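Please look through the sequence and the structure below, and then read on.

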Amino acid sequence: MGKWTRRAFIGAGTVVGGGLVLGVGGIVFAPNRLRSLPDRTGGGEGERLTTWIKITPDNDVVVVIPHCEMGQGAVTGLAMMLAEELEADWSRVRIEEAPADDVFANGYLFRAFAEEFGLEVPRWLERALDFGAYKVAGIADLQMTGGSTSTRATGQFGMRVAGATAKVMLLEAAARRFDVTTEELTARDSRITHGPSGRSATYGELATEAAALDVPRHPPLKSRAEYRLVGTPTQRRDIPDKVTGNAQFGIDVALPDMWYAAIVAAPIPGGVLRGVDPAPAMAVAGVREVVQLENAVAVVADGYWQATQGLRALTPDFSDGGVGAVDSERIYANHAAALDAEGTDETVPGATRTVSAEYRVPYLAHATMEPMCATARFEEGRLEVWAGTQDPLNARRAAAAAAGIDADDVLMHNLHLGGGFGRRLPGTFDYVEQAVKIAQAVSPRAVKLIWSREEDMQHGYYRPTVLSRMRGELDANGRPLRWSHLFTGSRLMDSSAATPAYAIENLDIRAVDPPRHLRTGSWRSVASSQHGFFMESFVDELASAAGEDPFEYRRSLLNDEPRHRAVLERAAEMAGWGSAPPEGRARGIAIVQSFGTVVAEVGEVGLDANGAIRVYRVDAAVDCGLVVNPDQAVAQIEGGIIFGLSAALFHEITVRGGAVEQRSFPDYEMIRLANAPQVNVAFLDSDAPMGGLGEPGVPPIAPAVANAVFALTGQRLRTLPLRLS
């Protein structure tokens, strides 16, 4: 094989997706990073291309999305934002996912987070900041989909500008062709028309002329009142192929003469492989190789079933990494001891009452529907990898490091993800690294590594277990004078999620971080999932101590936060707060801001025939700023609620003998259709900065349910999953 060229790289990458980015006669616009690009029309061998927009001669607009599709529908929303500004005919817009290449590094998330934290970027600085962030993202190999950043970052700051820029260039091209001014022209549905003369031309007819023009630095953007596509319910473009089975996920990869691999890692994280006799596996029909890794052993065979049979025949000897005596009780004891060492402060003057409570949440697995898998082929010093990841560029780097080669010698095919939730982010590419090492061992054969469900459940990058000690000091009127929050975790990383929006003058937020032996990572909504539970349960306790209604108490503390207050009031209105719930039920409320979006949820809870907690209804009010695709937005909040509810009621990763006890869905239960609540979602009409939607539906549901259980039973549940005594 020759060295991967950038042109070959992009072309090959898109062939997997079913199309050709570098089509004959196609014009590539690169309006957002043009000054870093030597030739936007293709150029010579090895030149860089940005291919967010291509307009073909037959007037199709191809939008290349530098993000992954893992069920969130972001690719459709991003294309809508670009098509809106471009005035493209939506029926002629096609979507392609970008391959792993540093020209697709996404630095816009820096501006999104700056906006989330209230930092205003002057317009004159925007391009410089975006360019700098892009360079940083390129150095860090960041092509990430996560943190609810696709729409509010790449969409808001990148796709809109790209579409508007291309439209300006097409208008100028038409003006020159018709010998008129651009003010006399109208762009609509991928066609530019000169009203006075009736002359018109399609984008496809103008694209070549437009591509020769200078790129405007600050193209005008449409106002929200001018939107015709954004804000309308629009069918997601990824759904039909998923319904028909044509969509390609990582686990769907099938190559000629490919082998399959099954793997088992050291049961106790930190353990290593001390030895294994491969003979029993090699005696199984179809088994080709037994590959020993530092902490795992894999069996390669003609098929996955033969590989698993070979694996079961082995008796590998693993060490326990020195943590074989660790169990969940010791883990919580270590966390408690770390908190004990911090001590408490003296009561503030004027306080007449102190409320204290300790909360805790367990380790949680991501439990994606598609287990970890990757296919790799290593041949003549070069590597080709097929996998679904949340950051193909970083996955390419991880694959290169695992193979001991340069990243330019790696071709990474990123495919649909059967769920991510943080499990396929940078730093969690163990399944890719293992596939690469196995492929090296059986080179030049391609090999597909598939983790079993049990392997996936027992060797994840878990949401960390966290202990939290809350302390509130109230004045004679029940108003909080001080809010103290001491928790196990990272003060730096968790501070935003651990800070309440309520008007409390004295906030004391501290963290200690005890050592852990399980691997931890981002889990959907990250720290907001646990701190939303802690804070919104505790403010409910303060309301109870003050003898006030939980909704009114929160409302009174949000006078300086009109956005939060409006969301809270809307959720209460939707749920009929203040009216009597159906007999045998009670309501609880919670409000959490995360990833720039404010969500309030009211859970209506009762007990089923077995006396277990049953959630019958959830009302959710959301302020995320602009809603791009209402159908997609509702689905995101609904999905977040179901995801968070499964964790609130069922999920818990426990440790015994240093190893994770749970193995699969039977002991890691999910909300099913039969016990799913009715969910009502409403979005507030808001001009607030755009927030995310993939994560913010999760954090309020656990405290809303816990608070409803308290209203129903009088039991204050401070540990997840929620279980009545």
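In this predicted model, helix α10, which covers residues 328–340, lies across the strands β13, β18, β19 and β20, and its direction runs at about 40° to that of β18. Helix α15, made up of residues 527–546, also packs on the sheet, where α15 touches β13, β18 and β19 and makes an angle of about 150° with the direction of β13.

The sheet under discussion is an open one of 4 strands with mixed pairing, and the strands follow one another in the order β13-β18-β19-β20. At its edges are β13 and β20, each of which pairs on one side only, and the twist from one strand to the next averages 10°. Strands β13 and β18 pair in the antiparallel sense over 9 bridges, and within this pairing Arg353 has Leu474 of β18 as its bridge partner.

| β13 | residues 353–361 |

Another part of the chain deserves a separate look. Glu205 belongs to helix α6, which spans residues 203–211, and because its relative accessibility is 42%, a value between the limits of 20% and 50%, Glu205 counts as partly exposed. A polar atom of the Glu205 side chain lies 2.9 Å from the backbone nitrogen of Thr202. Thr244, by contrast, is 39 residues from Glu205 in sequence, and the C-alpha atoms of Thr244 and Glu205 are 34 Å apart in space.

Conventions: Residues numbered from 1 in each chain as written. Predicted model: local features only at pLDDT ≥ 70, side-chain atom pairs only at ≥ 80, totals over all residues. Heavy atoms only, no water. Pairing = 2+ DSSP bridges. Helix = DSSP H or I, 4+ residues; strand = E, 2+ residues; numbered from the N terminus. Axes fitted to C-alpha atoms, helices over the stretch in contact; angles between N-to-C directions. Contact = heavy atoms within 4.5 Å. Buried < 20%, exposed > 50% of the residue type's maximum accessible area, 1.4 Å probe, protein only. Polar contact = N/O pair within 3.5 Å; in protein donor to acceptor, adjacent residues only side chain to side chain.
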